[in-house]
Amino acid sequence: MASLADSAGAQLGGAVVALLGAAHAVSLDVASYLVCALLLGSIRAPEPAPDPSARKGSLRAEIAEGIRYVLRHPTIRPLLLTGTAFTAAFAFLTTLWTVYLLRELHYTAGTLGSLLSVAALGGVAGALAVRRLVDRYGPARVMLTALAIIPFTELPLLLAAPGLTGQVTIAAGMFVQLACATVQGSTQRSIRQAMCTPGMQGRMLATGQWVTYGTRPLAALLAGASGTWLGLWNTLALGTAALVLPFLVLLASTIRTLHHVPVVTPSPGPPHVEGEPA
């Protein structure tokens, strides 16, 4: 679900802006946060009182321990590097998508909103299909195939001319792209959670979020500078080439031999690095 939200959220946001305008879209965004806060506050699950003696060290020490755990883990580390490379390349491209479609291909606001909505449906399709795909073909093959397909889904954007035919091909490419992004993202998250020592899952997730999503503003800044210096089309072509990197990172790791999502048996004692994938 997190991968689906990541892939669909930005696209649906663009559709809302196109349909309602920027001011109304911001108001709707604020209202959505308030709704989330109300729903979270309505949870009434009993929780045990925290044990102060269970805290072993400072917050800084726990953060450092989480980073060391991720960097030393033979399975989680390459998955995190793959996700980071993909997120950076994807953020680089999405920074300029809308500008290119509006300025160079002369899309209207309604057309842009429709295109982004179709793309978001690709994320939904990927979320519905991922479990069956992993069960049938194995997680490594599914992730590698999805990452191998994604760069080709940018070609309709680079080759399309203004007009209905271009709009249809771009929509099809973005649909497949978001489906593949959701499939590979949800699969690698499942493996990371399965392979992580139970007591380290929170720190592993926090480290992954910090490293992966921390690349987004840097990638957006680089995309803006590249678009100014090299032009929109050349920058989008450069970003398309960068989408090959996540596939190469995963292919070079031992994850390529992983034929099923592993199950780690909880064990007592301090956190430790699990073994190599099967």
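Residues are numbered from 1 along each chain as its sequence is written. In this predicted model, local features need pLDDT of at least 70, side-chain atom pairs count only at pLDDT 80 or more, and totals for chains, interfaces and linings use all residues, while side-chain values use heavy atoms, with hydrogens and water left out.

**Overview. The protein has 12 helices and 0 strands.** Helices (H or I, at least four residues) and strands (E, at least two) are DSSP runs, numbered from the N terminus. Of the 278 residues in the protein, 38% are buried. Buried means under 20% relative accessible area, exposed means over 50%, and partly exposed lies in between (1.4 Å probe, protein chains only).

**View 1. Helix α4 bends at L96.** Helix α4 covers residues 76–103, 28 residues in total. From its first C-alpha to its last α4 reaches 41 Å, close to the 40 Å expected at 1.5 Å a residue; the expected span is 1.5 Å times one less than the number of residues. The bend at L96 is about 30 degrees, taken as the angle between axes fitted to the seven residues ending there and the seven starting there.

**View 2. A salt bridge links R203 and E65.** A salt bridge is a side-chain nitrogen of Lys or Arg within 4 Å of a carboxyl oxygen of Asp or Glu. In this pair the closest N and O atoms are 2.5 Å apart. Because R203 lies in helix α9 and E65 in helix α3 (residues 59–72), the pair ties together parts that are 138 residues apart in sequence. R203 counts as partly exposed at 23% relative accessibility, and E65 is partly exposed at 28%. A search of the whole structure finds 1 salt bridge.

**View 3. The side chains of T212 and T84 make a polar contact of 3.4 Å.** A polar contact is a pair of N or O atoms within 3.5 Å; within protein, one must be able to donate a hydrogen and the other to accept it, and residues adjacent in sequence count only if both atoms are side-chain atoms. T212 is in helix α9 (residues 201–213) and, at 8% relative accessibility, counts as buried.

**View 4. V118, L121, V124, L128, I149, F175 and V176 make a nonpolar surface patch of about 540 Å².** Patch residues have over 30% relative accessible area and no salt bridge; like charges are joined within 9 Å, nonpolar side chains (Val, Leu, Ile, Met, Phe, Trp, Tyr) within 5 Å. Accessible areas come from the Shrake-Rupley method with a 1.4 Å probe; for residues, only the protein chains shown count as cover. Helices α5 (109–137) and α8 (164–195) each supply at least two residues, and α5 gives the most, with 4. V118 is in α5 and counts as partly exposed at 33% relative accessibility.
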